[in-house]
Amino acid sequence: MVRTPKSIELPVLFPLDRKAGQLSQQLAQQLRQLIRAGTLRPGEPVPATRQLAAALQIARGTVVEAFEQLVAEGYLESKAGSSTTVSVTLTERNPSPAASQPAEADTAFARPLPATAARYAGIAAAMVPLPAAPFAISVPAGPVAPDDTWRKLGNRIRATRAGGPSGYADPQGLLALRKAIADHVRKSRSVVCTPDQVIVTSGTQQGLYLACQVLLEDSDQAWVEDPAYLGITSILESTGRPDRIVRLPVDEQGLKVEDGLRKAPNARVAFVTPSHQYPLGMPMSMARREALLAWAAATNAWVVEDDYDSELRYAGHPFPALQGLDGRRVIYLGTFSKILFPSLRLGYLIAPSDLVAAFCGARIVMDRHPATADQHVLAAFIAEGHLDRHIRRIRSIYADSRSALVQILQAHLPARLARVQPIEQGVHLLVWLDDGLDDMAIARLAAEQGVAVRALSPTYSDRSPDKRQGLILGFGGYPQDKMIAAASKLAQIIEQCA
């Protein structure tokens, strides 16, 4: 049973002026101010008289006298056999100024944000996590969530280790996990690396940020797909140098390398999603891959490969990773968010050997090292074969869920206004909308009705001639009845917006 503390920690009090005398009145006045400010709230216990007297180095009788005065004034309540508390009758009589007048306080201290702060505020608004409802992406609920194996393995690992590991850890991550990752990507993605090249990250987003910090100087340009994952465009735009981003269109073969050679042949880095272009879904053809790597070799540039959900392919044979074709030029990013669960916050970056020290330094500046406890669990989960079995299981479940969602959407959405595009890999699909519709407005209205979708248009650059309206829908872990109900609501919203 959880025990409630009988008294709270000592609140912040100024030293009492012993020369001025009347210490009990000074203490009473300070406690009044704490109560009025909301630091001590109605119903909360105050420190015991002995505790407070010892902390202030005054006689206990002085504290008792101050408490008695506040009880008489109605600020405190004292009952025999229990602790003294702040009077509950103050809830309405003396509301906290901060709670009662937030608008005035905000207005009084309002000031323009620095340009950098404003950019980060915009990123926060654009990338608010969706609730765990259809059709949010990467919500591994129900049958696709890790089963009891993860829990049992975690209990076993933690039982053999210290309850609170002390000291700083390796910025690259746990060696056992790096060995497991190197072995996993070698077998599943044809990645060529050693454990010494693996850096454990807090997901792909951190890997992208580290790559920008390590590979780009202030004046360098970067190729970025158009459309692209908001995570990479937000990082580059947050620098206040939009001219450093060179957006390149994609077609059915992936990134148009020839456009990059024409627009910015001397760019320093190319950020790509070659196995499964985000968000449109096509893989990059082998001819485009070879052209991209040839450009990188000829100009001494780097390619950052975001291989975010390559394990989940439902048709055809997957292309091997770019890194396996040229590990000297490619920085490879992977994550466990899609195949396990996003809240795990563990991914990995595989760097060429001569860049490992630089990435470690950037990692130390950012957050020292990844959290240690779950790394031990994940290392065992991979090494003992549980990850491979988990991927085989969820790939089948996701394939069925994907097929079911396509049929549900085709049955419910108005065909004249919305067209479903299945994608052969990953955990999302697209719904293309009629050009007269506003996908951002539809996404906002859907959220108000408990349906979670992402608008497609923000993933395009403002100047893209190919910019289209659409919705990005995830299909992981949702039962069919909930998908049907959500699809029906979404169809009504699309009709309403038309």
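**Nonpolar cores.** I began with the largest nonpolar core of this predicted model, which has 72 residues. I took a nonpolar core as a set of buried Ala, Val, Leu, Ile, Met, Phe, Trp, Tyr and Cys residues joined through side-chain atoms within 4.5 Å. Buried stands for under 20% relative accessible area, exposed for over 50%, and partly exposed for what is in between, with a 1.4 Å probe and protein chains only. Phe336, Leu340 and Val431 have the most contacts inside this core. Helix 16 (residues 386–412) gives the most to the core, with 10 residues. Helices (H or I, at least four residues) and strands (E, at least two) are DSSP runs, numbered from the N terminus. Apart from this core lies another, of 27 residues, and I noted Leu210, Cys212, Leu349 and Cys360 among them.

I then listed the contacts of Val431, where contact means heavy atoms within 4.5 Å. With neighbours within four places in sequence left aside, Val431 is in contact with Leu409, Leu413, Ala418, Arg419, Val420, Gly470, Leu471 and Leu473.

**Conventions.** The model is predicted: local features need pLDDT of at least 70, side-chain atom pairs count only at pLDDT 80 or more, and totals for chains, interfaces and linings use all residues. Residues are numbered from 1 along each chain as its sequence is written, and side-chain values use heavy atoms, with hydrogens and water left out.

**Whole chain.** I recorded 18 helices and 14 strands for the protein. Of its 498 residues, 50% count as buried. The C-alpha atoms fill a box of roughly 85 × 55 × 50 Å along the principal axes. Among contacts with a separation of 6 or more, residues 24 or more positions apart account for 73%.

I looked up the UniProt record, an unreviewed entry, which lists residues 21–89 as "domain: HTH gntR-type". UniProt positions are given in the numbering used here, feature names are shortened, and annotations may be inferred rather than shown by experiment. Over residues 21–89 I find 54% helix and 6% strand, with the end C-alpha atoms 31 Å apart.

**Helix 8.** Helix 8 (residues 148–159) has 12 residues and reaches 16 Å from its first C-alpha to its last, close to the expected 16 Å. The expected span is 1.5 Å times one less than the number of residues. Which residues of helix 8 are buried? I find Trp150, Leu153, Gly154 and Ile157. They lie on the same side of helix 8 because they cover an arc of only 105 degrees around the axis; the arc is that of the directions from the helix axis to the C-beta atoms. An α-helix has 3.6 residues a turn, so residues three or four places apart point the same way. On the other side of helix 8, Lys152 and Ala159 are exposed. The buried residues of helix 8 pack against helix 15 (373–383) and helix 16.

**Aromatic pairs.** My search of the whole structure gave 9 aromatic pairs. Rings of Phe, Tyr and Trp (its six-membered ring) pair if their centres lie within 6.5 Å; planes under 30 degrees apart count as stacked, over 60 as edge-to-face and the rest as tilted. The rings of Trp223 and Trp295 have centres 3.9 Å apart and planes at 15 degrees, so this pair is stacked. Trp223 lies in strand 4 (residues 222–226) and Trp295 in helix 13 (residues 286–299), so the pair ties together parts 72 residues apart in sequence. Both Trp223 and Trp295 are buried.

For Tyr278 and Tyr308 the ring centres are 5.8 Å apart and the planes at 85 degrees, so the pair is edge-to-face. Tyr278 is buried, and so is Tyr308. Ring pairs also link Trp150, Phe341 and Phe381 into a cluster.

**Backbone exceptions.** Most residues other than glycine have a negative phi, and most peptide bonds are trans. I noted a cis peptide bond joining Pro134 and Phe135, with omega about 15 degrees; Phe135 is in the loop between helix 7 (115–126) and helix 8. The peptide bond from Asp226 to Pro227 is also cis, with omega near 10 degrees, and Pro227 is in the loop between strand 4 and helix 11 (230–237).

Ser190 is not a glycine, yet has a positive phi of about 60 degrees. Ser190 is in the loop between helix 9 (175–189) and strand 3 (198–201) and is partly exposed, with a relative accessible area of 40%. For Arg345, phi is near 55 degrees, again positive in a residue other than glycine. Arg345 is in the loop between strand 9 and strand 10 (347–350) and counts as partly exposed at 37% relative accessibility.
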